[in-house]
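I open this notebook to record what I looked up in one structure, entry by entry.

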Amino acid sequence: MTFAKITQVAHSVPKKVVSNDDLSKIMDTNDEWIYSRTGIKNRHISTGENTSDLAADVAQKLLTNASVSADSIDFIIVATITPDSLMPSTAARVQAKIGAINAFAYDLTAACSGFVFALSTAEKLLASGNYKRGIVIGAEVFSKIMDWSDRSTAVLFGDGAGGVLLENTGIQPLIIAEKLQTDGSRGDSLLSGLTDINTPFATVNYESKSLSMEGRAIFDFAVRDVPKNIKATLEEAQISSEEIDFYLLHQANSRILDKMAKKLGVERSKFLQNMQEYGNTSAASIPLLLSESVKNGIFTLDGKTKIVLTGFGGGLTWGTTIINL
């Protein structure tokens, strides 16, 4: 019996880097104010690249690094809340860009939990025995949905993409345990993309279509509900928090990671972090961190590393998978 295995990782970000000092020139803020509250120093911002461009670059890197042809891919899942368009999906655009003529493709919308949800879905597809190889990507161009006059949100986010190639060649389960959650009753605390209804039969106009966030509510949600989710997943796996080699959590705020480590009783160094250079890239943050960690030699894809992947954000959604990497 074979299992799903992550055999390649890759990431892509726009070339343009916008620092906190750069932002201070266009809004009432400064480097100290941003960094002390978030841990963010820089972010990469699109100068024309759209979500499918970044995602397709990731997909092509995965194929090249693995020396596999695009027509051998069975499926492509793109986790995003900033698609090029609602139709066709970003995943369909990626399929066309890389020439994956045999792959079915679709987007998954779960905000900052998107990659974790998509990885779980892909693992089940491979476990069915009907598919041999798939690509999962988290990709966002958040800059196009921001209100750049709102310093409470504009300083937080960046653009980027990351992804993995999955193949049914593993000799052990990829996912040891998982727990995925949603609470739509709190969804209005993080909003984006409201669409007006203007027809001959009805008119409903929304005041704001840009991203809006109740910062305190989201911070409290992250530090209260998410550690419980991680603990429950560890219990299901019958693994102690100390047995995990690394924790790759959604890169929203360094203070959130500080509190997570304390609540779980884990040394902070196990919580990897790159938000200082990329900001919050939503669905892209976890795969971007995963890819960069492999590139920097922090760990390899030899199947000997136990990693917690945890996403949390709009929906509200949150979820953890413990994987053998």
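**Entry 1: Backbone**

I began with A111, which I found in the loop between β5 (104-108) and α5 (114-127). The model I am reading is predicted, and I keep this in mind throughout. A111 has a positive phi of about 55 degrees although it is not a glycine. I noted this value because most residues other than glycine have a negative phi, and most peptide bonds are trans. Is A111 buried or exposed? Its relative accessibility is 8%, and buried means under 20%, so A111 counts as buried.

I then turned to S67, in the loop between α3 (51-66) and β4 (75-79). S67 is not a glycine, yet its phi is positive, about 55 degrees. S67 has a relative accessibility of 68%, and the limit for exposed is over 50%, so S67 counts as exposed.

Next I looked up peptide bonds. The bond from M87 to P88 is cis, with omega near 5 degrees. I located P88 in the loop between β4 and α4 (90-98). A cis peptide bond also joins G315 and L316, where omega is about -15 degrees. L316 sits in the loop between β14 (306-313) and β15 (317-324).

**Entry 2: Aromatic rings**

A pair of aromatic rings is described by the distance of the centres and the angle of the planes. How many aromatic pairs are there? The count, for ring centres within 6.5 Å, comes to 8. One of the pairs is F104 with Y106, which is stacked at 6.3 Å centre to centre, with 5 degrees between the planes. F104 is partly exposed at 31% relative accessibility, and Y106 is partly exposed at 27%. I also recorded that F75, F104, Y106 and Y131 form one aromatic cluster.

I then examined F142 and F157. Their ring centres lie 4.6 Å apart and their planes are at 10 degrees; planes under 30 degrees apart count as stacked, so this pair is stacked. F142 is in the loop between β6 (133-141) and α6, F157 is in the loop between α6 and β7 (159-170), and the two are 15 residues apart. Both F142 and F157 are buried.

**Entry 3: The largest pocket**

I estimated the volume of the largest pocket at about 1,000 Å³. Its lining has 47 residues, and F157, L190, L211, M213 and I218 lie nearest the centre. Among the elements that give two or more residues to the lining are α2 (31-38), α6 (151-154) and α8 (254-264). Which element gives the largest share? I found that it is α7, with 5 residues. I sorted the lining residues into 22 nonpolar, 19 polar and 6 charged.

**Entry 4: Records and one more residue**

I consulted UniProt, where an unreviewed entry places "domain: Beta-ketoacyl-[acyl-carrier-protein] synthase III N-terminal" at residues 106-184. That span is 23% helix and 41% strand, and its end C-alpha atoms lie 22 Å apart. The corresponding "C-terminal" feature in UniProt, also from an unreviewed entry, is at residues 234-324. Residues 234-324 are 33% helix and 22% strand, with end C-alpha atoms 13 Å apart.

Last, I looked up I244, in the loop between α7 and β13 (246-249). I244 has 0% relative accessibility and counts as buried.

Methods:
Residues are numbered from 1 along each chain as its sequence is written. This is a predicted model: local features need pLDDT of at least 70, side-chain atom pairs count only at pLDDT 80 or more; totals for chains, interfaces and linings use all residues. Side-chain values use heavy atoms; hydrogens and water are left out. UniProt positions are given in the numbering used here, feature names are shortened, and annotations may be inferred rather than shown by experiment. Helices (H or I, at least four residues) and strands (E, at least two) are DSSP runs, numbered from the N terminus. On a 1 Å grid over the protein atoms alone, a cavity is a set of points where a 1.4 Å probe fits but cannot get out, and a pocket is an open set with protein on both sides within 12 Å along at least five of seven lines; lining residues have an atom within 4 Å of a point. Grid points are joined across faces, edges and corners, and a volume is the space filled by probe spheres set on the points. Ala, Val, Leu, Ile, Met, Phe, Trp, Tyr, Cys and Pro count as nonpolar, Asp, Glu, Lys and Arg as charged, and the others, Gly among them, as polar. Rings of Phe, Tyr and Trp (its six-membered ring) pair if their centres lie within 6.5 Å; planes under 30 degrees apart count as stacked, over 60 as edge-to-face and the rest as tilted. Buried means under 20% relative accessible area, exposed over 50%, partly exposed in between (1.4 Å probe, protein chains only).
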